Amino acid sequence: MEPNRERLRTPRAAGLAGIVFAVLLAAAIVLMRLAIPEGAADAGDTLMPDRRHAVRAALELVPFAGIFFLWFMGALRAQVGEREDKFVATVFLGSGLVFVATMFGAASAAGGILDDQQPSEFGRSFAYTLLTTYSMRMAAVFVFATSTIGHRLGVIPRPLAVIGYVAGLVLLFAGPAFPWSELVFPAWSAMISVHLLRVRMRVRPQPADVV
């Protein structure tokens, strides 16, 4: 009975980690967007104290968002287990790790802005581009891979998989041209997490037979 109970705990772990990740990432994106609304468009302006506080708060959230995303990713992979397709699973793992790396890179670049009384155009542009272009496109690949694996194995129903593909396309092609489109990723993560928690509630461990 122990292996069964471990498998049943996995959706709960993935669901809880995914929800925490979604909340933290959404908060960090909102704070970064408010502090650096158009990347390098207003790079000549001094970063005002309230914007500095917003960037600093976002930087405090990003490491924890990355930690919970890794937990979310690991729990999802454990849910799939040995049934995973090796090719799609490699794309899933690689895109997730690169997403975390680029997200941390964007946060580090934004942190450099705090040290400058007159932020450079390069610093703002680099942080903005890394977040809205590279990080979100890696997130798109992760969404595609997760939706594909989950649907093939019956973990994610068809309607939710279709929503995932649409969300992936938005993240892949929207980019900086559509402000706030980055929030699509935490919204999708929250939807998947809620679904996994509902699966956990519907499927409960059965008591062992008394011999």
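What pattern does the protein follow, read along the sequence?

**Figure 1. The whole chain, a predicted model.** The protein follows the pattern α-α-α-α-α-α. Its secondary structure comes to 6 helices and 0 strands. Helices (H or I, at least four residues) and strands (E, at least two) are DSSP runs, numbered from the N terminus. Buried residues make up 45% of the 211 residues. Buried means under 20% relative accessible area, exposed over 50%, and partly exposed in between (1.4 Å probe, protein chains only). The accessible surface comes to about 10,900 Å², and 67% of that belongs to carbon and sulfur atoms. These areas come from the Shrake-Rupley method with a 1.4 Å probe; for residues, only the protein chains shown count as cover. Among contacts with a separation of 6 or more, 83% join residues 24 or more positions apart. Contact means heavy atoms within 4.5 Å.

Residues are numbered from 1 along each chain as its sequence is written. In this predicted model, local features need pLDDT of at least 70 and side-chain atom pairs count only at pLDDT 80 or more, while totals for chains, interfaces and linings use all residues; side-chain values use heavy atoms, with hydrogens and water left out.

**Figure 2. The largest nonpolar core.** A nonpolar core is a set of buried Ala, Val, Leu, Ile, Met, Phe, Trp, Tyr and Cys residues joined through side-chain atoms within 4.5 Å. The largest one holds 49 residues. F69, F72, F99, F142 and F185 touch the most other members. At least two core residues come from each of α1 (2–35), α2 (49–80), α3 (86–114), α4, α5 (158–173) and α6 (184–202). The largest share, 11 residues, comes from α2. Now focus on F69. Residues up to four places away in sequence aside, F69 touches F21, G96, F99, V100, F142 and F185. In soluble globular proteins, nonpolar side chains tend to be buried together.

**Figure 3. S147 and T148 in helix α4.** Helix α4 covers residues 121–152 and includes S147. Is S147 buried or exposed? S147 is buried, with a relative accessible area of 1%. Beyond its neighbours within four places in sequence, S147 is in contact with I156, A161, G164, Y165 and W188. A polar atom of the S147 side chain lies 2.9 Å from the backbone oxygen of V143. S147 and I163 are 16 residues apart in sequence, and their C-alpha atoms are 8.8 Å apart in space. T148 is also in helix α4. T148 counts as buried at 17% relative accessibility.

Figure 4. The 16 residues of α5 should span 22 Å at 1.5 Å a residue, and the end C-alpha atoms are 23 Å apart, which agrees. The expected span is 1.5 Å times one less than the number of residues. In α5, L160, A161, G164, A167, G168 and L171 are buried. G175 follows α5, and its phi is positive, near 60°.

**Figure 5. E182 in the loop between α5 and α6.** E182 counts as buried, at 1% relative accessibility. Not counting residues up to four places away in sequence, E182 touches I29, R33, T132, M136 and L171.

Methods. A polar contact is a pair of N or O atoms within 3.5 Å; within protein, one must be able to donate a hydrogen and the other to accept it, and residues adjacent in sequence count only if both atoms are side-chain atoms.
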